[in-house]
Amino acid sequence: MKENAASRVVFILLLFLNASLLNGQSPPGKPKLIKCRSPGKETFTCWWEPGEDGGLPTNYTLTYHKEGETLIHECPDYITGGPNSCYFSKKHTSIWKMYVITVNAINQMGINSSDPLYVDVTYIVEPEPPANLTLELKHPEDRKPYLWIKWFPPTLTDVKSGWFMIQYEIRLKPETATDWETHFAAKQTQLKIFSLYPGQKYIVQVRCKPDHGYWSEWSPESSIQIPNDFPVKDTTVWIFVAVLSAVICLIMVWAVAFKGYSMVTCILPPVPGPKIKGFDIHLLEKGKSEELLRALESQDFPPTSDCEDLLMEFIEVDDSEDQQLMPRPSKEHMEQGMKPVRLDADSDSGRGSCDSPSLLSEKCDEPQAHPSKFHTPEGPEKLENPETNLTCLQAPQSTNREGKLPYFHANGPKSSTWPFPQPPSLYNPRYSYHNIADMCELALGMAGTTATLLDQTDQHALKPSKTIEAGGEGKAAKQRESEGCSSKPDQDTAWPLPQDKTPLISAKPLEYVEIHKVSQDGVLALFPKQNEKVGASETSKEYSKVSRVTDSNILVLLPDPQVQNLTLLEEPAKKAPPALPNPAEAALAVSPTTPGNCRLQLGWGLGPAGFMHLQ
Amino acid sequence: GALRGAIQKSGSRLLLLLVVSNLLLCQGVVSTPVCPNGAGNCQVSLRDLFDRAVMVSHYIHNLSSEMFNEFDKRYAQGKGFITMALNSCHTSSLPTPEDKEQAQQTHHEVLMSLILGLLRSWNDPLYHLVTEVRGMKGAPDAILSRAIEIEEENKRLLEGMEMIFGQVLPGAKETEPYPVWSGLPSLQTNDEDARYSAFYNLLHCLRRDSSKIDTYLKLLNCRIIYNNNC
């Protein structure tokens, strides 16, 4: 019976429980403590988040106990902090003591407690925003006008006694702007702003932070209108600019001082000028080649005997079956030849044109890839690169027919100045031309036309003493030069460029020079030929001296008796390849019309004496 | 040649000028010099002593907070170490004021003695903290470096406080006994959880005591130097 009664009671209880569940009523959900905050390290407030209420009216209580105490207290004030909060007044607040706080949700069905929160008031400090933010525009006499921002410390903070230490931060922006301008104000309660845009309405806010704690919220916005006539002198920019330029000037002065002259020459290379004795620059500028040449002619042409000898020693022209013109300087007389020909004093850029392999755009029929070897055994110390690839190549191609025969004469539109920037070191007085290339350069330099080409190729052409180190580099240079020279690509086929030139670094003094091509701009491209590459099929041609200069600006060289004849060529565009007036003579002429020939036409008609007198 | 030399000289002079001006501009960062041994004939102003002390105590509390947060993040997540940290500080026997009113009512001599007691009682634990953190496997450098820094700064602050005490209360006895730390065995135990809990306690107490020292010093500074008008 008793068992029956007990089970019945249980059964009824369960029924009630089930009934209440069916009604949707349950004990409350677990509440959760969100955060606690202390505005001045003297009081603090905690907030919680209620859970499910279980369908029944739920009461929340907050209980706590302190570290080192066993007594459990209840929240002294549920109201001051708002709903679901508990406010601990000064009386109830201890610093450097841990509080263990719990919130309990109670309803008819039961109680549910939150997880305990461990709080030490020292570490939950978050002040109120600063109060009474005021803005004022000030216009003191004789000083810049400014905006004066003032504020007061937030409430509930005791700064005077040192219990609470605050730092402030101001931010302001024009009303229409998007980005705030922030200023840190440390412990002061005022700030002066000088950089303002007139005619704008500014919005200002302030916030604060304790020495150890969280930043406050931003204060409500304060705004002020800057009048349109607000004078703003922004000298800071100018000061900055002045300082920066002073610094830059100093740096440059130091660089100049330390790096010396070389840097100056790097930045501002000396502009060489033509210095050919007896040569009138003005004539050149006028572009009247005939007068020019006559002027030159009259002075020292034909060359004197000793010059002739030197020239003979210098020039060796190879008249192969392809009638290639390969003047080469003789080996033995390199050194000697160098002395009298004082072309070095000239900082002219005449060389560049000869140096430029760009004139040759195609492979020669009989590739005589003779990388030039500019050797200056007695040359200036600076000429330390005997590896210069003389870019003048012979271009014996059948396609030479077309294309314009470059003329070394004043061609017109381009300037007649010396466009090659040359390091002065190159022009050591002891440096003398020892190959045709140099002479070509000079010749070209003197002629107006050379300037045109040189403009394009100067970077690469006029550096005989520089090493065109790799063949690739040389090729690139040449290609560039060829691009430069080939303003009329269809015409430039006459001067093929041997593809596999090899830059030679040789200590041998002997240089054989081959005149490979002359670009249409009148640049004489000479290519020194390596001795060992002299093919059997080629026969070297030796020209002992210049016999005369023809009217058509052709330099006629006298070959050595035992040497074959060289075809004398003339301007290709206008004339058919002329017959040699003197079979024994060879003229340095380049004509694209002659198949397989690289002809060089020296349009300036200088004799060897001219070389020697080139200054 | 000569010009270059002149320019070089002027350049080096200018560089020197820039360096000197930089130093002058940065002067605000340079701390004021303090007498090395606290000798009597070396007089540093009390204001400077307090400024320095407040700076150092502020710094130590910052470091302690960072160190505690770092340790909590790395080793104490979800472990409930906080429950064990209650009432675990060896300095709790010192009668330190617990709110503003109490602190304001405490005489500055008492306050300074309390500060000195706290500083002295932490000398030993800080030394062992550095040693044990070094030996802790995988100890992040953030914790170790801060521990080393705190140990050093604590010594410096102790010296400064002794000088302040000598100036504010000349002739007063300041050899009060201070609480001794005895938590070394728990730092060296093999049980990893127990060891981490011991570290947690130590760092928790260090953070709290450094806050106390910092607050008391700032109170004293405003009271003595600025006459309660900070």
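Among contacts in chain B between residues at least 6 apart in sequence, what percentage join residues at least 24 apart? I got 82%, with contact meaning heavy atoms within 4.5 Å.

**Ground rules.** I am working from a predicted model, so to speak with care: local features need pLDDT of at least 70, side-chain atom pairs count only at pLDDT 80 or more, and totals for chains, interfaces and linings use all residues. Residues are numbered from 1 along each chain as its sequence is written, chains are lettered from A and ligands numbered from 1 in the order written, and side-chain values use heavy atoms, with hydrogens and water left out.

**Chain B.** I counted 8 helices and 0 strands; helices (H or I, at least four residues) and strands (E, at least two) are DSSP runs, numbered from the N terminus. Of its 230 residues, 47% are buried, where buried is under 20% relative accessible area, exposed is over 50% and partly exposed is in between (1.4 Å probe, protein chains only).

**Cores.** Next I looked for nonpolar cores, meaning sets of buried Ala, Val, Leu, Ile, Met, Phe, Trp, Tyr and Cys residues joined through side-chain atoms within 4.5 Å. The largest has 85 residues, and A:L62 and A:I101 touch the most other members. Helix α8 (residues 192-225) of chain B supplies the largest share of this core, with 14 residues. A separate second core holds 22 residues, including A:F164, A:V206, A:C208 and A:I226. Going back to A:L62, I left aside neighbours within four places in sequence and found contacts that include A:W48, A:Y78, A:F88 and A:I101.

**Where A meets B.** I found 32 residues of chain A in contact with 36 of chain B. The two chains bury about 3,000 Å² between them, 59% of it on carbon and sulfur atoms; buried area is the accessible area (1.4 Å probe) that two parts lose on being put together, summed over both. In chain A, the residues losing the most area to chain B are A:W96, A:Y123 and A:H212, together 24% of what that side buries.

I also counted 7 salt bridges between the chains, each a side-chain nitrogen of Lys or Arg within 4 Å of a carboxyl oxygen of Asp or Glu. One I checked joins A:K97 to B:E98, with the closest N and O atoms 3.1 Å apart.

**A:D120.** Is this residue of chain A buried or exposed? A:D120 is buried, because its relative accessible area is 4%. A:D120 sits in strand β8. Leaving aside neighbours within four places in sequence, A:D120 contacts A:I95, A:W96, A:K97, A:M98 and, across in the other chain, B:R208.

**A:P153.** I found A:P153 in the loop between β10 (146-152) and β11 (166-174) of chain A. A:P153 counts as partly exposed because its relative accessibility is 33%. A:P153 and A:I166 are 13 residues apart in sequence and 8.0 Å apart in space, C-alpha to C-alpha. A:I166 is also one of the contacts of A:P153 beyond four places in sequence, as are A:P130 and A:Y168.
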